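User: I am new to protein models and would like to learn how to read one. Please take me through the features in turn.

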Amino acid sequence: MTMKHYWWKILAILLILYGIIAGLLGPVPALPIVHETIRNVYFHVPMWFTMFTLYLVSVIYSIKYLSSNNPHHDLVAVESVNVGVVFCTFGLLTGMAWANFTWGAPWPNDPKLNGSAIATLMYLAYLVLRNALEEEQKRAKISAIYNVFAFPIMIVLMYILPKTTDSLHPGAGGNSGFSQFDLDGAMKIVLRPTSVGWILLGIWIMTLRFRIRKLEYQNHTVSE
Amino acid sequence: MSLLKEVGSLIQKDIILEWRSKYALNGILLYVVSTVFVCYQAFKSVDPTTWNVLFWIIMLFASVNAINKSFVQESQNRQLYYYTIAGPKAIILSKIGYNVLIMLLLSAIAFTAYAVIFGTPVGDLILYLLAVVLGAVSFAAVFTMVSGIAAKAGNNSTLMAVLSFPIIIPLLIILIRLSKNAMLGLDWSVSYPELLVLAAINVITVTISLSLFPYLWRD
């Protein structure tokens, strides 16, 4: 394997390391209530970016599967959801830790939080649906259909509904995001690269899992 | 045959089939009325917020039960026959259309029974009824496709609930918000965003159902 193939994996590690070091040591605006927990932005936000990217990859591969019937496309779709659910869990956990410090409770009844939890249920339902189907081709096809059907609803739940109502969460319910406090752009230069790093890491894990599944699939078909 | 004509005759077929057995119709009727009555026995009297939410929860469970059956009523062989004479678009549109009719009937019965037993603490009855009608149409649009998916997966009702509840929640939240505005008798302009989001979700669901069903129907 040449450098051409894995440069982005090195980049992912470097960007995440940069995010951890600069995120913990770099300058941040001094704000009431939030104080130093603002550094959680560097960890909480990239989790959701990564989750969204993986779900997007998944829906793209589900559409590709429907038009190609290539089982590899189905494997990419399901592994993207598997890894996306993990990043979603990390997003919820980092958010809950943060909420506990700033809002006083790990799970205040907030539309952004509830929307994210329900969207997670939807993707868990996708995985349950796969378990309910025995035959491989049928499983791939029907779960791809559900995936495409669920994706726009996920966007409504996580990104549209919270904006239309009162919410504690920044960037929802008429609140502005953290960008308004980041006057000199000191946070942006950490947040953006580290987000790219985490997204690349998510895709890396997904491709690893996809390759394992592909080998299993090949073994399985050869041995029969 | 043009698409509309196909859809028309398929809906007509569904209505005639239902009218002959009246199984689903009577089942729904009994289900709704007895649920309302059980709730009445349990609650006796409710405050307006609970009144509104309880109504939508009854509607949710009644509609899941009503639409659950839309793809398994008829035998596999007969469905195969329909697929040879009509296109997949016509079939899904006719199912959505038929379910909209069923849901309108169901909501009418549910709302009447509910209003008679619990009373109506509603400020703007017209807007509330509009919310009920929109709710019926949206439930039909979403649940038809999900019941199609669940039917292909062996159609156990647990799966139908697992698949459909997360998807229906955004609709339910908006419907509860809209009907709450109606209960408070707020000006219609307050509810425009909700009406808009509802319309958008319906358009999206029907479009996606139309484009996905051709992949789903063939085994």
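Reading a helical model

Analyst: Among contacts in chain A between residues at least 6 apart in sequence, 75% join residues at least 24 apart; two residues are in contact if their C-beta atoms, placed from the backbone, lie within 7 Å. This is a predicted model, in which local features need pLDDT of at least 70, side-chain atom pairs count only at pLDDT 80 or more, and totals for chains, interfaces and linings use all residues. Residues are numbered from 1 along each chain as its sequence is written, while chains are lettered from A and ligands numbered from 1 in the order in which they are written.

User: How many helices and strands are there in chain A?

Analyst: Helices (H or I, at least four residues) and strands (E, at least two) are DSSP runs, numbered from the N terminus. Chain A has six helices and zero strands. The C-alpha trace of chain A spans about 65 × 45 × 25 Å along its principal axes.

User: What share of the residues of chain A count as buried?

Analyst: A residue is buried if 20 or more other C-beta atoms lie within 10 Å of its own, exposed if 12 or fewer, and partly exposed in between; C-beta atoms are placed from the backbone. In chain A, 39% of the 224 residues count as buried.

User: Is B:Ser107 buried or exposed?

Analyst: B:Ser107 counts as buried because it has 25 C-beta neighbours inside 10 Å. Its place is in helix 5 (residues 88-118) of chain B. Leaving out residues up to four places away in sequence, B:Ser107 touches B:Met59, B:Val132, B:Gly135 and B:Ala136. B:Ser107 and B:Ala62 are 45 residues apart in sequence, and their C-alpha atoms are 9.2 Å apart in space.

User: How is a pair of packed helices described?

Analyst: Two packed helices are described by the angle between their axes and the distance between the axes. Axes are lines fitted to C-alpha atoms, for helices over the stretch in contact, and angles run from 0 to 180 degrees between N-to-C directions. Take helix 3 (residues 71-102) and helix 4 of chain A: their axes come within 11 Å and cross at roughly 150°. That makes helix 3 of chain A roughly antiparallel to helix 4 of chain A; angles under 35 degrees count as roughly parallel, over 145 as roughly antiparallel, 65 to 115 as roughly perpendicular and the rest as oblique.

User: Which residue classes make up the contact of helix 3 with helix 4 of chain A?

Analyst: By class, this contact has nine nonpolar, three polar and one charged residues. Ala, Val, Leu, Ile, Met, Phe, Trp, Tyr, Cys and Pro count as nonpolar, Asp, Glu, Lys and Arg as charged, and the others, Gly among them, as polar.

User: At what angle do helix 4 and helix 5 of chain A cross?

Analyst: The axes of helix 4 and helix 5 of chain A cross at roughly 180° and come within 10 Å. These two helices are therefore roughly antiparallel to each other. The residues of their contact divide into 12 nonpolar, four polar and two charged.

User: How many residues does each chain give to the contact between the chains?

Analyst: Chain A gives 22 residues and chain B gives 20 residues. On the side of chain A that touches chain B, helix 4 (111-132) and helix 5 (136-160) are the elements that give two or more residues. Helix 5 of chain A gives the most, with 11 residues. The residues on that side of chain A divide into 20 nonpolar, one polar and one charged.

User: Which residues meet where helix 5 of chain A packs on helix 7 of chain B?

Analyst: A:Tyr146, A:Ala150, A:Ile153, A:Val156 and A:Leu157 meet B:Leu163, B:Ile167 and B:Pro170.

User: Where does helix 7 of chain B bend?

Analyst: The bend at a residue is the angle between axes fitted to the seven residues ending there and the seven starting there. Helix 7 (residues 157-184) of chain B bends by about 40° at B:Ile168, and the proline B:Pro170 follows within four residues. After helix 7 of chain B comes B:Gly185, with a positive phi near 70°.
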